[in-house]
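Have the sequence and the 3D view ready, and follow along pair by pair.

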Amino acid sequence: MTKPKVAFYWCAACGGCEETVVDLAEQILDVVAAVDIVFWPVALDFKRKDVEAMPDKSIAACFLNGAIRTTEQEEMAHLLRRKSQTLLAFGSCAQLGGIPGLANLWQRESVLERVYQECPSNVNLDGVRPSRQYRDNGHSVTLPTLFDTVLTLDQVVDVDYYVPGCPPTPKLLLEAVQALLGGNLPPKGAVLAPDHALCEECPRKDTRPDKLMLTEFKRPHEALIDEEKCLMAQGLLCMGPATRGGCEALCVKGNMPCTGCFGPTSRVKDSGAKALSAFASLVNSNDEKEIAGILGNIADPVGTFYRYSLPSSLLRRKRVEA
Amino acid sequence: MPDGNHGPFEPRIVAFFCNWCTYLASDLAGTSRMKYAPNTRVVRVMCSGRVDPQFVLDAFARGADGVLIGGCHPGDCHYQEGNYKMLRRFHLLKRLLAQMGIEDERCRLEWISAAEADKLKAAVNDMVEKVRALGPLHLAIPKEEFAEEEVAVS
Ligand code: SF4
Ligand code: SF4
Ligand code: FES
């Protein structure tokens with residue numbers, strides 16, 4: 001019997017999602033025994049032309065991580081969509097836009113300016129910038145071009161399932177593979193993780209007060225953090241109440257507040273706005289000035305509430321003047 | 001209504017008015033045949049505290065040029081705390097909107113009681129004029145264009 005073919009690919013990604021596959025440790029052997037990995041650029045020497053040569057829909061499942069922000073990534077997303085029966089957006093970047101999605105506060109020009117010119121650690125006296133065509137010694141190469149706007153995978157191609165996390169845990173990956181192999185998948189479009197808020201599965205949930213009012217928000221480096229007590233009750237911006245569970249509260253167990261990488265539950269449209277609303281409501285003051293003072297310690301609202309989800313939020317990007 | 005593409009720009013303002021105060025003020029303005037700018041689309045909510053920041057973002061994302069929220073005066077909320085909750089959220093929401101490039105004048109919170117039809121009229125007229133001066137919001141994601149980079153180096 002031929003084994004189902006599986007592909008892994010990365011787009012605008014940090015490599016962390018690839019680490020999840022490696023972190024399967026011995027269990028990767030079970031996966032390899034059950035499936036045939038036909039494409040995995042980070043570990044195996046396959047090329048784009050190998051994928052192009054495959055018949056359409058011949059890949060049973062493709063796990064694609066990373067956001068889409070270059071012409072090449074867009075092409076690869078279309079190619080892998082065509083070749084795969086099931087396409088999974090793997091990790092926050094592919095699902096929600098992720099950390100690279102914060103580039104939607106800028107545009108291509110300002111990103112390139114910063115990275116190639118202004119950045120203090122750069123020496124680039126000739127002001128060299130990436131360009132689409134490069135010719136040297138009679139050879140010519142075409143480079144992909146950066147987009148103005150970072151996109152989620154499902155803003156480019158049709159996506160069947162989402163595996164959340166930055167990165168997803170090996171357990172979630174294994175469960176997704178097992179569901180695919182066993183053919184017991186939820187309806188198309190589902191997020192392959194529990195549909196409850198993180199607080200539900202948090203070991204500190206019993207110390208989370210029903211009624212909480214705060215006069216101060218602290219950042220982790222400003223606080224001596226109690227290891228038992230709910231982090232929100234300690235004035236830390238723990239995104240647990242507005243974030244999907246499934247990570248088993250890894251960050252909280254490491255005594256760090258949740259930053260929201262699992263994205264919203266199915267009942268929330270815009271997790272950033274929801275979290276903003278939840279935290280603002282906790283402010284223990286009715287006086288405008290005082291409210292401003294207390295909320296002032298949230299230095300970067302977009303970076304805090306949309307750390308992983310700006311491209312998939314209602315506004316998607318910073319406004320570009322027409 | 002003219003939308004800027006066909007004729008002069010007329011701002012579209014989505015207004016979330018509390019059932020117990022600002023909504024009644026707009027009723028009163030109507031029955032007293034008061035004239036004010038016709039640019040608001042009013043959504044009645046039971047309390048300004050019901051205005052989820054998602055509603056505001058959704059309104060902008062769907063083409064509103066401005067969002068006006070009207071609630072009961074401090075101390076007068078029928079649910080005690082609702083308007084204070086809105087006040088707290090409003091502060092953080094405004095900072096978020098600023099980061100997203102949406103000008104201050106496009107989102108406004110007013111306390112207007114059921115009797116203050118005049119205040120409602122003044123607030124709406126003032127907001128419409130300010131948003132008119134800013135022009136349409138245009139939140140569309142710009143099309144990616146690469147042609148100018150097709151030049152060769154070396
Ligand atoms: S989701 Fe997180 S771990 Fe995965 S590529 Fe994006 S930033 Fe890296
Ligand atoms: S707010 Fe954070 S620390 Fe508190 S119960 Fe929820 S996830 Fe746990
Ligand atoms: S009832 Fe009017 S603001 Fe709460």
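## Salt bridges in a predicted model

A:Asp195 has a relative accessible area of 33%, so this residue counts as partly exposed. Keep in mind that the model is a predicted one. The partner of A:Asp195 is A:Arg267, and their side chains meet in a salt bridge. This pair connects distant parts of the chain, 72 residues apart: A:Asp195 sits in the loop between helix 7 and helix 8 of chain A, and A:Arg267 in the loop between helix 8 and helix 9. A:Arg267 is exposed, because its relative accessibility is 58%.

Why can such partners pair up? Side chains of opposite charge can do so when their charged atoms come close. Over all chains, the structure holds 28 salt bridges. Here are three of them:

| Pair | N to O distance |
|---|---|
| A:Asp195 and A:Arg267 | 3.6 Å |
| A:Glu175 and A:Lys171 | 3.4 Å |
| B:Lys94 and B:Asp104 | 3.0 Å |

Now turn to helix 7 of chain A, where A:Glu175 and A:Lys171 lie four residues apart, about one turn of the helix. A:Glu175 is partly exposed at 38% relative accessibility, and A:Lys171 is partly exposed at 45%.

In chain B, is B:Lys94 buried or exposed? With a relative accessible area of 16%, B:Lys94 is buried, while B:Asp104 is exposed at 52%.

Finally, salt bridges with shared partners join A:Arg81, A:Asp158, A:Asp160 and A:Lys188 into one network.

How values were computed: Residues are numbered from 1 along each chain as its sequence is written. Chains are lettered from A and ligands numbered from 1 in the order in which they are written. This is a predicted model: local features need pLDDT of at least 70, side-chain atom pairs count only at pLDDT 80 or more; totals for chains, interfaces and linings use all residues. Side-chain values use heavy atoms; hydrogens and water are left out. A salt bridge is a side-chain nitrogen of Lys or Arg within 4 Å of a carboxyl oxygen of Asp or Glu. Helices (H or I, at least four residues) and strands (E, at least two) are DSSP runs, numbered from the N terminus. Buried means under 20% relative accessible area, exposed over 50%, partly exposed in between (1.4 Å probe, protein chains only).
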